[in-house]
Amino acid sequence: MKHSYIIVHHTGAEEKDAERVRRYHLSLGWRDVGYNFVVERDGRVVNGRSLDIPGAHCLAAGMNHRSIGVALIGNLDNHPPTRPQVETLPSLLWSLAHRFGIPTEHVLGHREVPGAATACPGRFVDMTALRRALGGRAKAPQPDAPVSGGRRDAPVLPEIPAPLLWRVQAGAFQSREAAERQARRLRDLGIDALVVAPEDI
Ligand SMILES: [Zn+2]
């Protein structure tokens, strides 16, 4: 598989850690967590699904077959990413872009992918600012560049507030399973859907 894009997500829920995200995706019958990397609240980057198989994070524009999926844990429509996440994300993206020769303009928020009807990765993630932070530095392929969240020379995501967004609701449910069923029905119709957790979970 050729990875020519990086798609940034939030998990849309308030999982404790990447293992919870993985277990949840396994419970949907998926072969592994849908994302290739998950950034936990403390900034730890956890490897998800192997890059050798198609992802399960962005159906739109065939991105599961040509992109790397990176997810921040949390519902970033409700609150900003944590400070460690804000510091880690650009480093991780920069490392991946550098390693796979992915240009900065191919680092997209899920909502920016043509055909994706979603607010993901949430209104608190400003993709324009993120790309600006990555700058033009992620151009040349560097197969040996390490993939890690700890690079010292990588830029830091500036905190620029995103605009308030009008959102489309297609149901409200008392169980996550019922909400996921509804989301699957919508996806089956070609409508991208995002399950948003109650704020107090
Ligand atoms: Zn997403």
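## Helix α3 and the model

Helix α3 lies across β1 and β5 and runs at about 165 degrees to β5. Helices (H or I, at least four residues) and strands (E, at least two) are DSSP runs numbered from the N terminus. Angles run from 0 to 180 degrees between N-to-C directions, with axes fitted as lines to C-alpha atoms, for helices over the stretch in contact.

This is a predicted model, in which local features need pLDDT of at least 70 and side-chain atom pairs count only at pLDDT 80 or more, while totals for chains, interfaces and linings use all residues. Residues are numbered from 1 along each chain as its sequence is written, and side-chain values use heavy atoms, with hydrogens and water left out.

## The sheet

Five strands form an open sheet in the order β3-β2-β4-β1-β5, with mixed pairing; two strands pair if DSSP finds at least two bridges between them. At the edges are β3 (45-47) and β5 (107-109), each pairing on one side only. From one strand to the next, the twist averages 25 degrees.

Three bridges join β2 and β4 in the parallel sense, and F37 stands opposite V70 in β4. Helix α2 packs on the sheet, touching β1, β2, β3, β4 and β5, and its direction makes about 170 degrees with that of β4.

## The core

The largest nonpolar core has 21 residues, and I6, I68, V70 and L93 have the most contacts inside it. Such a core is a set of buried (under 20% relative accessible area, 1.4 Å probe, protein chains only) Ala, Val, Leu, Ile, Met, Phe, Trp, Tyr and Cys residues joined through side-chain atoms within 4.5 Å. Helix α2 gives the most to this core, with six residues.

Contacts (heavy atoms within 4.5 Å) of V70 include I6, F37, L89 and L93, not counting residues up to four places away in sequence.

Notes
Buried means under 20% relative accessible area, exposed over 50%, partly exposed in between (1.4 Å probe, protein chains only).
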